[in-house]
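User: I have a structure open and want to go through it with you. Can you take my questions as they come?

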Protein chains: 2
Amino acid sequence: MNFKRFFPILDWGRRYDGEAFSNDLMAAVIVTIMLIPQSLAYALLAGLPPQAGLYASILPLVAYAIFGTSRALAVGPVAVVSLMTAAAVGQVTEAGTMGYMVAAGTLAFLSGIFLMVMGVFRLGFLANFLSHPVISGFITASGIIIATSQLKHVLGIEAHGHNLLDLLISLGAHIGDIHWITFAIGASAAAFLFWVRSGLKPLLKGLGVPARAADILTKAGPVFAVAVSILAVIGLDLGEKGVALVGAVPQGLPPFTLPDLSFDLVASLGAAAVLISIIGFVESVSVAQTLAAKKRQRIDPDQELVGLGAANVASSFSGGYPVTGGFARSVVNFDAGAQTPAAGAFTAGGITLATLFLTPLLFNLPVAVLAATIIVAVLSLVDFRALGRAWRYSRTDFAAMATTIALTLGLGVETGVTAGVVLSLALFLYRTSRPHTAVVGQVAGTEHFRNIDRHSVITCPTVVTLRVDESLYFANARYLEDRVYALVADNPGLKHFVLMCPAVNDIDISALESLEAINQRLADSGVSLHLSEVKGPVMDALKRSHFLEELTGEVFLSQYAAMAALAPETVARARGEAAAAAQ
Amino acid sequence: MNFKRFFPILDWGRRYDGEAFSNDLMAAVIVTIMLIPQSLAYALLAGLPPQAGLYASILPLVAYAIFGTSRALAVGPVAVVSLMTAAAVGQVTEAGTMGYMVAAGTLAFLSGIFLMVMGVFRLGFLANFLSHPVISGFITASGIIIATSQLKHVLGIEAHGHNLLDLLISLGAHIGDIHWITFAIGASAAAFLFWVRSGLKPLLKGLGVPARAADILTKAGPVFAVAVSILAVIGLDLGEKGVALVGAVPQGLPPFTLPDLSFDLVASLGAAAVLISIIGFVESVSVAQTLAAKKRQRIDPDQELVGLGAANVASSFSGGYPVTGGFARSVVNFDAGAQTPAAGAFTAGGITLATLFLTPLLFNLPVAVLAATIIVAVLSLVDFRALGRAWRYSRTDFAAMATTIALTLGLGVETGVTAGVVLSLALFLYRTSRPHTAVVGQVAGTEHFRNIDRHSVITCPTVVTLRVDESLYFANARYLEDRVYALVADNPGLKHFVLMCPAVNDIDISALESLEAINQRLADSGVSLHLSEVKGPVMDALKRSHFLEELTGEVFLSQYAAMAALAPETVARARGEAAAAAQ
């Protein structure tokens, strides 16, 4: 067993020095400030008490610092995973109960174990089966659902549901109950945060603030909104006027909690844990790879699984819920100069100080302000223009993306992403099951052969050459048979049929049996079957079967060699025409 | 709507003449004689009373004659579908009850509707996703299960189960109860039938009987066994001695029956109906295509779905159960000279006469003899040598076949075939997710470029060319990125990176985004990205995106053109070396 593989800290830890320490500490201070309101807000989104978000930002970060490979990834609660937690746990028990917190912790534990097992068995490649259209569609749709789910806090009304339709119906039913002071606070916080995102950075740059500092100040917008709204609540006594506040947040270190591994709970959370793990892993590994690339570093996706798994297990034992690497905070961590995973451990220290000393200050924080920070954060993830790009590029990719968006909005995140994955795989299989094929002829004066439908080429009535632009496997074997038989039926004078295979990367045993059937049937009609331009590995496989012995024709290294042997007059004519054209 | 497509009878019916009539009639007589014992036996296998097998051989044949396209296919009860019916219906209700017959009819109805819907929507291609290893493994394993399930009748004991393990345990528990007279009858029938299969045909040929007649006589073996055993039962009064007999079979036309479309029943039979439909369709269409090919005819797989669907619906309304085209009887029908689907309708007439007049004769038929005919028929389908062929050709195909066999034997037919399909698709996806790639160099004195690991080629330190032997799509996009980045890291002096794409048949939007990422990241390292030998359709797609505008390098028509532009000295050297070698 490679010890260093499983404990990357042994690698970077030995070379740790004073400079790295001061850089990491600086980054940790900035990320801590950003993470406090985010943690509270995402806990709210997950249906958990605010301290759960803080707890999920302490031990998980330490665990990731030990096992993770990314130098810049900042782990903790994130929007999409919080939403998925709410959807999964909400089906098992009711929000606000003790059982709900236990279930959320159990979900983190299951997800952590699943991630670690995937990592140990090097199954990180499975995440590759989530295509970009599915991920992009899923993120857009969840952004909309999350933003809608937070509207109730901004409006000060009740609403429930884990998909867009349920949420809108529920909001509509309570729309008469709007609490206008809450709405005023929430709306102004949202407006301020939108302005911070779009207007503040140019303003600061105009004032001569360096770009990196302007970036970080912009990211601190939520902290400012939190501070001002707390002061406003105290000054105007808004709690008495019915504005929902965060209220008492327990002071002190995270509690020691245990997951509930009863069969019923595990069975009902299992599928959600798998999906949360994969989605969280994809989000995390994407940002980690992007940031590592900027510094010519590499991350190890399989070890990332172990790191994220350890973080989730740590979360489950310390009052938290599922966590993963967050996009925005990792970028801040990177920009603020984090050099090693130690920055994450220092951030954990910062959040610990907050739980020890800061929580009384949060009593007067309006829930509407937290909701506004979530809305502004997730709406930046919504990207409908990606739909247009997909439509222009490929109808199949568009179909996968549109389906994922529609089903996520209509039926919820789990159904949406599962359907998206299944559909994109099905479309890929469908496409490969009807491969592109072309009857080819010789381009006069060259040794090149091209599609007779696209180019002016020379053909011979006794030889038909079909180029197959796909590996041959069970799903397209019969399609190939049909195509060959139709061509033979259409060419009564046929003597030789050449299958040109430059793009055939594999022939499985089903396709081999189809080739044997084609060979036999063409022989019955007095037509020989030949192959040309067969690749090395494919030829090696064919040699392990009896096909080459039974083949009525030959295997030619090049299509030109095939035509020179089977239709010498045509090849001579092609040369002559070229010579005539050259005169 | 193309009327003739849905009613092929309108096509061949208009040209029907006296010669076709006498040929069809002759074939029908022979198939009828063969079908009577088969129908009784397969009904027994399905857990139904014997007359259900006869009923399933009347109206379904007429329906197929109207809607089917194969000239030789003989439809009716078959072994595998009967086994699957027993497994599916056995989970809903108990054999021997009225509800069991209704459920079997309902299964036929659901299967029929499913087949017709698939046909109307031209979804016949879905059957292509059943790979040969899965079909072959499934047939072998079901053959073993069927033969084992019939042992109880040969031994005269009780036994139950739908997988090998359950059956063997059940047989073992009752092994002390063997009824020796029954065993003597069953064993001699089986021995006789095995001899008919292997020894009779050479004997007849030796006696100068023509090959075709010898074939048909061989197929009539079961009829002879049935007749002799009935006489033996009567002569020796074996019924009194405890030999299980078929007993009273109702005389008369098939009853009019209705499927039970209650939600519970449909829900519990739905999945089985889908699987039975697909398996039955694959068996049927394989034999129909093979026979059509022999006479240069074509069948329409989508219309076959309609034909088989109609046959199953007809079966459900006339006291039958799921049917499909049988292999052995279709070959007999073909060999006996059937010219049109009318032969099937005449066979239906023959079976009708049997139900009207012959059933009293079947009273004394020992069940053990029917069981013996099933055992001999299905054991001929068991083909373990296919496992060896698959092993030699490809480990993946072997894995799919072995898994299908193991799971079918251990857990039953539905689990086995479902797991086989899922596994073979997963293996295909896994294979395409790690495509074969090769760094290539120029073969001295040619314009050809080959794998540097397999050939002695000339390379240039500032240019690396990677050939990708697979379409690029979401599942292998990240793999490609990793491969490119690793190559760039290994070649510090690199200036140009060429992606050679002669076998790239498609680039989906996920792969496009990976190419954009590669382009960007190579640009950051001062390396230009070029493409070479991009296919027409792929180029068309790329032109619909912004990729070609952002590309730091060029797109070359051939790899030679790329090297001539990027590394002219190396190309010159390759020419020089060739010239030196030629001297």
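**Helix packing and the chain contact**

Analyst: Start with α5(A): its buried residues pack against α2 (9-14), β1 (75-76), α14 (301-316) and α16 (342-358) of chain A. Helices (H or I, at least four residues) and strands (E, at least two) are DSSP runs, numbered from the N terminus. This is a predicted model, where local features need pLDDT of at least 70, side-chain atom pairs count only at pLDDT 80 or more, and totals for chains, interfaces and linings use all residues. Residues are numbered from 1 along each chain as its sequence is written, and chains are lettered from A and ligands numbered from 1 in the order in which they are written.

User: How many residues of helix α5 of chain A are buried?

Analyst: Nine of the nine, residues 59-67, so helix α5 of chain A is largely enclosed by the rest of the structure. Buried means that 20 or more other C-beta atoms lie within 10 Å of the residue's own (exposed is 12 or fewer, partly exposed in between), with C-beta atoms placed from the backbone. Among them are A:Leu59, A:Tyr64 and A:Phe67.

User: OK, helix pairs. At what angle do α3 and α17 of chain A cross?

Analyst: The axes of α3 (residues 18-45) and α17 (residues 367-379) of chain A cross at roughly 95° and come within 9 Å. The axes are lines fitted to C-alpha atoms, for helices over the stretch in contact, and angles run from 0 to 180 degrees between N-to-C directions. α3(A) and α17(A) are therefore roughly perpendicular, a label for 65 to 115 degrees (under 35 is roughly parallel, over 145 roughly antiparallel, the rest oblique).

User: Which residues make that contact?

Analyst: A:Pro37, A:Leu40, A:Ala41, A:Leu44 and A:Leu45 come from α3(A), and A:Val367, A:Leu370, A:Thr373 and A:Ile374 from α17(A). Contact means C-beta atoms, placed from the backbone, within 7 Å.

User: Now the two chains. How many residues does each give to the contact?

Analyst: Chain A gives 42 residues and chain B gives 42. On the side of chain A that touches chain B, α20(A) gives the most, with six residues.

User: And what rotation superposes chain A on chain B?

Analyst: A rotation of 180° with 0.0 Å of shift along its axis, at RMSD 0.1 Å. That is the relation of a two-fold axis. The C-alpha in chain A nearest the axis belongs to A:Ala503, 2.1 Å from it. The superposition is by least squares on C-alpha atoms of residues with pLDDT of at least 70 in both copies.

Terms used:
Two residues are in contact if their C-beta atoms, placed from the backbone, lie within 7 Å.
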